[in-house]
Amino acid sequence: MTVAPSRAIGAPVDRVEGAEKVAGEARYAYEHDVEGAVYAAIVTSTIARGAIRAIDAGAALAVTGVLAVLTHENAGAVEGEGELAILQSPRVSYRGQIIGAVIAETYEAAREAERLVRIDYDVEEHDVVLRADHPGLYKPDKVNPSFPTDTEEGDVDRALEEAAVTVDETYTTPAEHNNAMEPHATIAIWENGGLTLYDSNQGAFRARQTIADALGLPHDRVRVISHHVGGGFGSKGLPRPHAVLAALAARLVDRPVKIAVTRQQMFTLTGYRTPTIQRVHLGAQADGTLTAIAHDVFEQTSTIAEFAEQTAVVSRMLYAAPNRRTSHRVVPLNVPTPSWMRAPGECPGMFALESAMDELAIACGIDPIELRIRNEPEIDPESGNRFSTRNLVACLREGAERFGWSERTEPGSRRDGRWLVGLGVASSTYPARRAPSTAYARAEADGTYTIRIAAADIGTGARTVLTQIAADTLGVSLESVCVEIGDSDYGQAMLAGGSMGTSSWGAAVVKACRELRTGKDEAHVDTSVDADADEPLAKHAFGAQFVEVRVNVDTCEIRVPRALGVFACGRIINPKTARSQFLGGMTMGVSMALFEETVIDPSIGGFVTQDLATYHVPVNADIEEIEATWIDEVDPHVNPMGSKGIGEIGIVGTAAAVANAVHNATGVRVRDLPVRPDRLIGRL
Ligand code: MOS
């Protein structure tokens with residue numbers, strides 16, 4: 001094969017399945033036509049802690065079309081423990097937990113009957129409120145996914161004592177929920193002792209292993225198909241309990257079963273971002289040079305599984321302070337288990353760190369961009385390794401130039417009629433990692449190429465960029481490459497998670513296509529066997545976020561008329577889909593800054609924000625001029641494409657940039673998210 005490079009990498013290619021999606025032909029999990037399928041409605045607990053004393057399913061079973069009521073009394077065994085081990089006892093561990101399902105010939109009958117299932121409980125006292133002085137706080141063995149819980153270098157307390165300037169403040173972030181456009185859904189089909197699931201998830205192979213383990217089945221007896229997925233943000237990274245419920249329900253009635261989690265149920269069944277309480281203590285010389293960073297975090301988990309978020313990890317590597325301490329403490333409460341939400345850890349952690357850096361700049365009387373540049377480390381402060389590429393300073397400088405940073409004035413000094421106007425900045429960073437994956441490639445007789453990999457396109461454009469990567473490696477046109485994804489039968493592959501999807505799958509696709517170029521017609525590859533010959537390097541993406549806010553002096557309404565993100569994320573494989581990823585992340589960051597907050601009512605022990613009316617996610621009217629750009633960077637150390645992951649960095653730092661801009665506009669520092677108007681009332 002001697003073909004000129006197609007230059008498919010770097011082109012703003014439209015989504016290869018775009019037309020199919022626009023025409024409504026792309027099938028999402030729940031939409032598959034399955035012969036004989038029936039419908040299940042999920043029954044959830046109305047208490048936060050206790051036990052089911054009695055279930056009266058009589059009225060539900062009397063509804064026309066109802067086939068069965070599934071409860072812990074007839075569910076059968078589920079292996080393991082934690083969130084997937086549903087219906088194994090009468091215990092209730094949180095409000096909104098799965099305690100059963102009604103299965104019926106129609107969706108409507110299932111929903112109607114679900115309301116008629118009568119449950120009597122033995123109610124116990126619940127505990128649902130995170131506090132920094134909670135007696136149940138403990139030190140987890142590690143934080144998500146496997147970072148050390150605590151770190152300490154140097155003599156932090158002494159450095160803080162001796163510092164010329166200090167900032168010592170507590171920042172809080174609320175619980176927040178992912179609200180993917182496509183709610184979680186599963187169809188379960190038992191055939192010949194095997195199980196097929198059409199499921200909406202971020203990784204079909206991992207879903208298969210986990211669900212097979214929960215049901216005590218050999219892995220190869222389960223197949224998970226997830227061709228199209230309408231968003232996830234982390235909430236579909238691991239199989240959710242409704243997928244196990246679908247399998248149990250289908251086994252009970254011996255029919256294929258469809259389950260769609262309702263929008264309201266997404267607030268208890270699909271994970272959420274833990275609330276955090278973060279104390280950040282910075283020490284610096286008079287010129288702003290950091291001498292110490294201490295970042296101590298309190299957060300929650302549930303009583304049925306431990307999820308300990310890695311909130312403080314950013315403070316281990318971002319700035320060059322010689323003395324650094326980070327710690328994480330979690331308390332198990334009678335709540336659903338927190339889980340992944342776009343940049344878990346980095347995102348809430350950077351709200352605290354980058355707010356504190358803004359406070360330090362003010363305390364030292366220097367520009368916040370200059371403060372960050374002064375504290376730019378030469379090597380990774382945590383590992384001592386060199387950075388593969390680190391272009392934070394370039395992002396800050398480029399953004400300052402483009403955004404008109406030099407027009408920024410003193411806090412509270414710029415006014416336009418009844419509006420106070422301010423600018424804010426924050427850094428962004430996210431690890432650039434990849435994980436082993438397998439892929440298959442075949443040269444077809446008609447001159448086209450077929451690639452199969454259990455990747456997931458959750459709306460990111462993954463299918464499109466993998467097509468570009470394959471075409472580029474093969475040196476052929478995009479049209480001659482067909483990439484098939486979203487099927488666990490394609491073998492082990494990384495999830496769409498941790499911003500590792502394209503890096504991980506792309507490396508496998510490159511390897512498979514290179515084998516075809518040696519003349520083979522077919523290649524099965526596995527990147528787990530590739531030894532990492534590189535010297536140890538610290539690999540991270542970087543960025544800078546710039547925000548303008550306007551705060552109304554009468555109503556305290558906060559608007560974001562302009563936002564700009566400048567990113568350094570290696571080679572950009574597809575500028576069109578990449579820009580969407582950055583803008584999506586930034587939009588979610590503005591939303592985190594101003595709107596998103598899951599409220600728990602301690603009296604009932606549950607979340608009371610549980611739909612898109614009470615939990616506001618931004619609409620077009622909330623987001624005005626927002627732009628994302630990037631600097632030229634190629635990082636040869638992360639993957640063979642020279643790229644870094646881009647799914648999460650867009651949200652990291654945005655909320656701090658907004659809060660910092662609110663301070664610049666008003667002179668009021670808000671350390672608790674979201675920055676609601678009521679948090680400014682009486683303070684302007
Ligand atoms: Mo992302 S929260 O790693 O799916």
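This note goes through the cavities, helices and strands of the structure in turn.

1. The model is a predicted one, in which local features need pLDDT of at least 70 and side-chain atom pairs count only at pLDDT 80 or more, while totals for chains, interfaces and linings use all residues. Residues are numbered from 1 along each chain as its sequence is written, and side-chain values use heavy atoms, with hydrogens and water left out.

2. The structure holds two cavities of 30 Å³ or more, where a cavity is a set of points, on a 1 Å grid over the protein atoms alone, at which a 1.4 Å probe fits but cannot get out, and where lining residues have an atom within 4 Å of a point. A volume is the space filled by probe spheres set on the points, with grid points joined across faces, edges and corners.

3. The largest cavity has a volume of about 40 Å³, and its lining includes His184, Asp199, Ser200, Lys236, Arg240 and His242. By class, that lining has three nonpolar, four polar and three charged residues; here Ala, Val, Leu, Ile, Met, Phe, Trp, Tyr, Cys and Pro count as nonpolar, Asp, Glu, Lys and Arg as charged, and the others, Gly among them, as polar.

4. For the second largest cavity the volume is likewise about 40 Å³, and the residues that line this cavity are Val560, Ala563, Val590, Asp622, Ile623, Glu624, Glu625 and Ile626. The lining has five nonpolar, no polar and three charged residues, and β27 (558-568) and β30 (625-630) each supply at least two of its residues. Helices (H or I, at least four residues) and strands (E, at least two) are DSSP runs, numbered from the N terminus.

5. β27 and β30 also belong to an open sheet of five strands, in the order β19-β20-β26-β27-β30 and with mixed pairing; two strands pair if DSSP finds at least two bridges between them. Because β19 (415-416) and β30 stand at the edges with a single partner strand each, one side of each is left without a neighbour in the sheet. Within this sheet, β20 (residues 419-431) and β26 (residues 540-552) run antiparallel and are joined by 13 bridges, and Ser428 has Gly543 in β26 as its bridge partner.

6. Elsewhere, β12 (residues 194-199) and β13 (residues 222-225) run parallel and are joined by four bridges, with Arg223 in β13 as the bridge partner of Thr196. The chain passes from β12 through helix α5 (residues 204-215) to β13 in a right-handed β-α-β crossover, which is to say that, with the strands pointing away from the viewer, the path from the first strand over the helix to the second runs clockwise.

7. Helix α9 (residues 346-364) has 19 residues and reaches 26 Å from its first C-alpha to its last, close to the 27 Å expected at 1.5 Å a residue, the expected span being 1.5 Å times one less than the number of residues. Since 17 of its 19 residues are buried, α9 is largely enclosed by the rest of the structure; buried means under 20% relative accessible area, exposed over 50%, and partly exposed in between (1.4 Å probe, protein chains only). Just after α9, Gly365 takes a positive phi of about 70 degrees.

8. Helix α12 (residues 462-474) is mostly covered, with 12 of its 13 residues buried, among them Arg463, Gln468 and Leu474. In helix α14 (residues 575-594) one finds Met592, which counts as buried at 1% relative accessibility.

Technical notes: 1 Å grid on protein atoms, 1.4 Å probe; cavity = no way out; pocket = protein on both sides within 12 Å on 5 of 7 lines; lining within 4 Å.
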